[in-house]
Amino acid sequence: MKDLEINTNRLEVIVKELDSAFKEGFGLLNDKNNLLENQIPKGVNQLSKKHACFMFFTALNDHGTKSSIMYEKSKELFGSNPNLFEPIWIVENLSENDAVELISKKIGARYPQQLAKSWLKNAEILKEFYNSNPIEMFCSSNDATKLIATLKSFRGVGTKIGGMILRAIIGTGFNKNVFNIEKVLVPVDIHDSRIMFLTESFVINNNEKVNYYKYVDIAQTEILKACNRCNINWLDVDRALWLTGSNGCVYDKCDICILNKYCIKGIKNGKKQ
């Protein structure tokens, strides 16, 4: 990107602020309920197979939709029909059309047919290679580089969803022994790319309107580099970015955002008050 200037000093400040604020529960980051690692249906035991199945299958649909709303719909679906999250039952009983009607349309998939295909295919993989238990897959390696490769071998799982599941595997405690996390890209998306520009960590040297999608891959790499330079584990930085983008930016909650003194939008909104 020849017109892109990366302000590495600013980016290092941003990741430090996010990491510290998340650990302290500052402002927007005080409410962590909407993180994937905190999603569990009522009556399900923490770190059980049912918990793992729910988390894995729900994460497959965590794109192109409002996550907090989708999580609640997924919990409702689990409560009414937990078999839809059980790999053996899925493989033995569901057709693709069934999956569209009973799953995709119920939890609000952006691409119903594609989610149905992924739901069925990934249930087959879990049944064939992991005894229908995602926990066996979660613990198949302690090396983050190998574990992310395994996650990305599932249908519909790329850098973002794979990294988010990896983060949740570690955060929930399904696998507490993961190492080499500093070698895995941060699973940021368009919202985090936008934050990079709003905080002037990324600057475009022309007058064109920024296409934030275009810079997602660069954001994944540069945020990881900044975390590594600062000796910061990126997991909490990613959690903080996710909460900031989904709970803060979209609702203009600049007054309680840790980044408001660095953010173009935050500074502007602060002057209005």
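1. Let me start with a definition: a polar contact here is a pair of N or O atoms within 3.5 Å, where, within protein, one must be able to donate a hydrogen and the other to accept it, and residues adjacent in sequence count only if both atoms are side-chain atoms. By that rule, the side chains of Asp 19 and Lys 23 are joined by a polar contact of 2.6 Å. Asp 19 belongs to helix 1 (residues 8–24); helices (H or I, at least four residues) and strands (E, at least two) are DSSP runs, numbered from the N terminus. With a relative accessible area of 13%, Asp 19 is buried, where buried means under 20%, exposed over 50% and partly exposed in between (1.4 Å probe, protein chains only).

2. A word on the source: this is a predicted model, in which local features need pLDDT of at least 70 and side-chain atom pairs count only at pLDDT 80 or more, while totals for chains, interfaces and linings use all residues. Residues are numbered from 1 along each chain as its sequence is written, and side-chain values use heavy atoms, with hydrogens and water left out.

3. Now the aromatic rings. Rings of Phe, Tyr and Trp (its six-membered ring) pair if their centres lie within 6.5 Å, with planes under 30 degrees apart counted as stacked, over 60 as edge-to-face and the rest as tilted. The count comes to 12 aromatic pairs. One of them, Phe 197 with Tyr 215, is edge-to-face, at 5.1 Å centre to centre and 70 degrees between the planes. This pair links distant parts of the chain, 18 residues apart: Phe 197 sits in helix 10, and Tyr 215 in the loop between strand 2 (202–204) and helix 11 (216–229). Phe 197 is buried at 9% relative accessible area, and Tyr 215 is buried at 7%.

4. Elsewhere, ring pairs link Phe 54, Phe 56, Phe 57, Phe 78, Phe 85, Trp 119, Tyr 130 and Phe 154 into a cluster.

5. Next, the largest pocket, with about 600 Å³ of space. A pocket is an open set of points on a 1 Å grid over the protein atoms alone, with protein on both sides within 12 Å along at least five of seven lines; a cavity is a set where a 1.4 Å probe fits but cannot get out, and lining residues have an atom within 4 Å of a point. Points are joined across faces, edges and corners, and a volume is the space filled by probe spheres set on them. Of the 30 residues lining this pocket, His 63, Gly 64, Lys 160, Asp 189 and His 191 lie nearest its centre.

6. The structure also holds one cavity of 30 Å³ or more. The largest cavity has about 130 Å³ of space. Thr 244, Cys 249, Cys 254, Cys 257 and Cys 263 are the closest to its centre among 16 lining residues. Helix 10 (190–198), helix 12 (234–248) and helix 13 (264–272) each give two or more residues to that lining.

7. Finally, two backbone angles to check by eye. Asn 131, in the loop between helix 6 (112–129) and helix 7 (134–138), has a positive phi near 55 degrees and is exposed at 56% relative accessibility. Ser 132, in the loop between helix 6 and helix 7, has a positive phi near 60 degrees, but Ser 132 is buried at 2%.
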